[in-house]
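I opened the structure to look up packing, rings and charges. My notes follow in the order I made them.

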Amino acid sequence: MNKYLIVGLGNIGLNYVNTRHNIGFDVLDHIVKNNTCVFSDQKYGKLAELKVKGKLIYFLKPSTFMNLSGKAINYYLNHFKISLENLLVISDDLNLDFGVIRLRKKGGHGGHNGHKNIIKMLRTPTYCRLKFGIGNNFHKGQQVKYVLSEWSEKEKIILDEKIEICSEIIIYFVLYGLDQTMNHFHK
């Protein structure tokens, strides 16, 4: 059976619920809630399992905090013997306008501490990413405060719709692969 590791980046704890930086957690919560699976506490995070058309998907919300996300990802790739091309990491992105969703095959960290650590732990920048634009509507020196703040009322209006689109992209990625998914959703 083909296995996939889908990782939502975020920080654990009530202080981080509904914040921009936790969009990866929010997307996975949506998928798990809408399918017949649940998260359970495991080593380095919360894990849920879903079978879709002969494929086994592991959803991971690392408990290592954002800056050490690579530790949990590396552990589960090895533990479940999942190939790197079957890894997809969902994260926020300051360099994209709010609500813009991009799927990428590889890339740098773009200043994102989660991706910095993943690249370091995996020893490669070549892994699939689903980036959720949060915009950069903050004053100089206020980046940390901005990413750790809650969504604005205006953003909340379309947030659920965008999370649903991310969920669709993830399942499509598992079923049809990265290239077909990019062709289908990046029109």
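**Entry 1: L130 and the cores**

I started from L130 and listed its contacts, leaving out residues up to four places away in sequence: L88, V89, I90, S91, I101, R102, L103, C166, I169 and I170. I keep in mind that this is a predicted model. L130 sits in strand β7, which covers residues 128-133. Is L130 buried or exposed? With a relative accessible area of 1%, L130 is buried, because buried means under 20%. I also checked one C-alpha separation. L130 and S91 are 39 residues apart along the chain, yet their C-alpha atoms are separated by 6.5 Å.

Next I looked up the largest nonpolar core. It has 35 residues. I6, F59, L130 and I170 have the most contacts inside it. Which element gives the most to this core? Helix α5, residues 153-176, does, with seven residues. There is also a second, separate core of 20 residues, and I noted Y58, M66, L77 and V89 among them.

Leaving aside neighbours within four places in sequence, I6 is in contact with L28, I57, Y58, F59, L60, L88, I90, I170, F173 and V174. I170 is in this list, and I170 is also in the list for L130.

**Entry 2: Rings**

I searched the whole structure for aromatic pairs and got twelve. I wrote down two of them. Y75 and Y76 form an edge-to-face pair, 4.8 Å centre to centre, with 90° between the planes. Are these residues buried or partly exposed? Y75 has a relative accessible area of 26%, so it is partly exposed. Y76 has 3%, so it is buried.

Y172 and Y176 are a tilted pair, 4.5 Å centre to centre, with 50° between the planes. How many residues apart are they in helix α5? They are four residues apart, which means a separation of about one helical turn. Y176 is partly exposed at 42% relative accessibility.

I also found one aromatic cluster made of Y44, Y58, Y75, Y76 and F80. Y75 and Y76 are the edge-to-face pair noted above.

Then I looked for charges over rings. R129 lies over the face of Y127, at 4.0 Å from the ring centre. K61 lies over the face of F25, at 5.4 Å from the ring centre. I come back to K61 below.

**Entry 3: Helix α2**

I listed the buried residues of helix α2, residues 69-79: S69, G70, A72, I73, Y76 and L77. Where do they fall around the axis of α2? They fall within an arc of 160°, so they line one face of the helix. I then asked what this face packs against. The buried residues of α2 pack against β1 (2-8), β2 (40-42), β3 (45-52), β4 (55-62), β5 (87-93) and α3 (113-122). K81 follows α2, and I noted its positive phi, near 55°.

**Entry 4: Salt bridges**

A search of the whole structure finds six salt bridges.

The side chains of E155 and R20 meet at 2.9 Å, N to O. This pair links distant parts of the chain: E155 is in helix α5 and R20 is in the loop between β1 and α1 (23-33), 135 residues apart. Are the two partners buried or exposed? E155 is buried at 10% relative accessibility. R20 is buried too, at 6%.

D29 forms a salt bridge with K61, the closest N and O atoms being 2.6 Å apart. D29 is in helix α1 and K61 is in strand β4, 32 residues apart. D29 is partly exposed, with a relative accessible area of 31%. K61 is buried, with 9%.

The side chains of K131 and D93 meet in a salt bridge of 3.3 Å, N to O. K131 is in strand β7 and D93 is in strand β5, 38 residues apart. K131 and D93 are both buried. Strand β7 also holds L130, where I began.

Methods: Residues are numbered from 1 along each chain as its sequence is written. This is a predicted model: local features need pLDDT of at least 70, side-chain atom pairs count only at pLDDT 80 or more; totals for chains, interfaces and linings use all residues. Side-chain values use heavy atoms; hydrogens and water are left out. Helices (H or I, at least four residues) and strands (E, at least two) are DSSP runs, numbered from the N terminus. Buried means under 20% relative accessible area, exposed over 50%, partly exposed in between (1.4 Å probe, protein chains only). Contact means heavy atoms within 4.5 Å. A nonpolar core is a set of buried Ala, Val, Leu, Ile, Met, Phe, Trp, Tyr and Cys residues joined through side-chain atoms within 4.5 Å. Rings of Phe, Tyr and Trp (its six-membered ring) pair if their centres lie within 6.5 Å; planes under 30 degrees apart count as stacked, over 60 as edge-to-face and the rest as tilted. A charge sits over a ring if NZ of Lys or CZ of Arg is within 6 Å of the ring centre and within 35 degrees of the ring normal. The arc is that of the directions from the helix axis to the C-beta atoms. A salt bridge is a side-chain nitrogen of Lys or Arg within 4 Å of a carboxyl oxygen of Asp or Glu.
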